[in-house]
Amino acid sequence: MRRKRGSKGILARRGRWGWAFVLPTLVLLGLFSVYPVVNAFYLSFFQKHLLSNAPPKFIGFGNYTYLFRSPTFWNSLTATAIFAGGAFAMLVGMSLLLAVLISSRQRFQRFLQLAFFSPAVVSTVVAAAIWLLIFDPRGIANQLVNALAGTPGVDHRWLVEPGRLQLATMLVYVWKYVGYFTIIFIAGIGTIPRSLYEAARVDGANAWQVFSRITFPLLRPTTLLVSVVAMIQCLRTFSTQYLFTQAGSPRSPIDVITLNVYYTAVRTFQIGRASALSIILFAIMLFLSWLQFRVARSEEVSYL
Amino acid sequence: MKRGAWVLVAVLVAGVVAVAQSPVTITFWTHEDPNRTPLEEAYIRGFQAMYPHVTIERVTYPSAKIAEVLLTAFAARRGPDIFNLEINDAYPYLELGRVAPLKPEWVCYDSVESILGAYLEGTLDAVYRDGKLYGLPLELTIWSVFVNKKYFREVGLDPDRDYPRTWEQMMAVSEQLVIRDGEILKRRGFDFRYPYYLEWLLPMVEQMGGAFLSPDGQTAIVNDDAWLHVLRFMQQWGPSGKNLGSPTYTAARKLFNYDRNEVAMCLTGFYQIARIRADNEAFYESGEWMVIPFPVFEGAVRDVAAHYYGHYYMVNAESSPETQEWAWRFIAYMLSHPEEYLLQVGLIQPRKDLLASEAYASVPYGDVFAGDMARSSLVQLHVANPEFKQLLDDAVKAVMLSGVTPEEALATLKQRANEVLEEYR
């Protein structure tokens, strides 16, 4: 009995220490992540002018019904789906490809990792500003495409034509984040036992077979992590679209939900409606993350 | 008893002095203007030397950002004590009671009426409510067209004779001046100031008999034909039309000063003159630039120049009464140097004494700006202006860049603008 009490005491003491270590993070997370979400949820049921000191007016689901009837909201949803779908596919595909290529190299591994990762440390604002210069009618993008295609003087209207404008915003994003996800994939590849590759080689497997039968299936947990983080990141995109519209691009093709939140709050002063928009975006993120976890869980693979 | 009374008086006086001298810190947010900064920093030093208990912290933000920064600060009830914005952006602050009125004695006048009398008629209307004044003007600005004469001569035009008087001439002259590499513009003849539609696009609509708001303010987008005329003009101006300019190119006024064969004309205010001198003194001295009036459409029913706007210094209504008083005293101190603002920064305070001064008479092209001012009116003021500006931006970009027809763009603009009005009813 005494021993039991003693072990319980140790556990309790350890538990207390555990809480002590976790508490600062919990407090910060609660303050800067949970509270804003709860507050936005609460505000989404009110009509509130951002600049007015007047108390907010309760309107129930008024903001939500307004949004679901608004063509601007559906346009935003489409723009978000196009951007997130395109950027997500490019990010996950390219970072996986780059990770496999870099991992298979004997030399310059570190250099390549550093080279691809370096845009991730540049702020999104700076990244967008650099790419705005590239996509300027007199910038490198037009010069390069015209030199390759032999079409001197053609303005490919990167910042204007809806399809190219959407592609341009995706390229900025992919350039910035592909290195970050490549590093995560490289770390994932590093956890796959070498013995499996050696055995495959002994059995005469080619590079594609090694990738499709060993690397890709065993990378599933990493792929899940990358896809969840990349999807959330793509849905949260803002600065690129904001800076492009500030540089003169039309808003409609790149009016992603976050940009719409900004315009609703800052240009129309409707903070309640902007909160409703953010809650809808939050729900979309939650649903997609849940879906990815479910799909991944149903396809778990282990060779050990 | 007598001694006790004296002690009491001494304590009270000491208390009053202590209160009067209690430290006051004033935060002052304004937009970036490299020519204005040294001047106002000197005023801060001067004011702090006179009143050592006052500390002024001046913070500058880019012109394009300050409206947003201020909005979020005020929304969080953390706004600065003093700020200035373009009046159409500042108007919601006034309408929603976020700014404090001045007391005439703080700004060295004996009554509000005497302040009104010191300024050009109508120039304080925007900040006057129920016998109180909520702002004092740092500048009143109207945009006219700046011309680089060299490029006119280069294409065989005489700038003094052939400068554009109408928008149709502006398009024709720009076609002569433009240099393209295929579809890519190397030099623009002229280009607009795209995000600032209330200042220049609305006057173009008004020239054709249209308006943004009906006289009773109940309906948005008046006279479809006038709007369609202007939207068709913008469509023709853009890359899908005659390809003379586009919102995606660098703002013309930013390039004008450098005289690098990138732009021949731009739309800007009197302050540009000081900026030309600061950016490129050789060009300033060359005599190769001039200012011409804001054009009108052929067949215009009204002769309207660009709408003028003001930057008014305002004081946060949530600052303490003491801070408000010292903030207004400091504003009055800064604004008591109108000639320095005029000559060093190129800002015109609409004060009668300044406009009658020799300093004003000596400034180049003052007559052109004064002429445009005479056929102009204050920019439209409405609490929903930021949203209206956004809707105009969407409409112009739709016709210029996205292949939307002027009719479709107008229908969308009209519907949304009236929805906004409905919400504010």
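**A tour of chains B and A**

Begin by selecting chain B, which an automatic or database domain assignment divides into domain 1 (22-141 + 308-364) and domain 2 (144-307 + 384-424). This is a predicted model, in which local features need pLDDT of at least 70, side-chain atom pairs count only at pLDDT 80 or more, and totals for chains, interfaces and linings use all residues. Residues are numbered from 1 along each chain as its sequence is written, while chains are lettered from A and ligands numbered from 1 in the order in which they are written.

Colour the two domains of chain B separately: their centres, taken over C-alpha atoms, are 29 Å apart. Next, select the residues where they meet: 14 residues of domain 1 of chain B contact 12 residues of domain 2 of chain B (C-beta atoms, placed from the backbone, within 7 Å). On the domain 1 side, α4 (87-95) and α15 (338-345) of chain B each supply at least two residues; helices are DSSP runs of H or I, at least four residues, numbered from the N terminus. The largest share of that side, 3 residues, comes from α4(B).

Now move to chain A, where 13 helices and 2 strands (E runs of at least two residues) are found. Its radius of gyration over C-alpha atoms is 24 Å, well over the 19 Å given for 304 residues by the globule rule, so chain A is more spread out than a compact globule; that rule is 2.2 Å times the number of residues to the power 0.38. Along the principal axes, the C-alpha atoms of chain A fill a box of roughly 75 × 60 × 30 Å.

Note on methods:
Contact = placed C-beta atoms within 7 Å.
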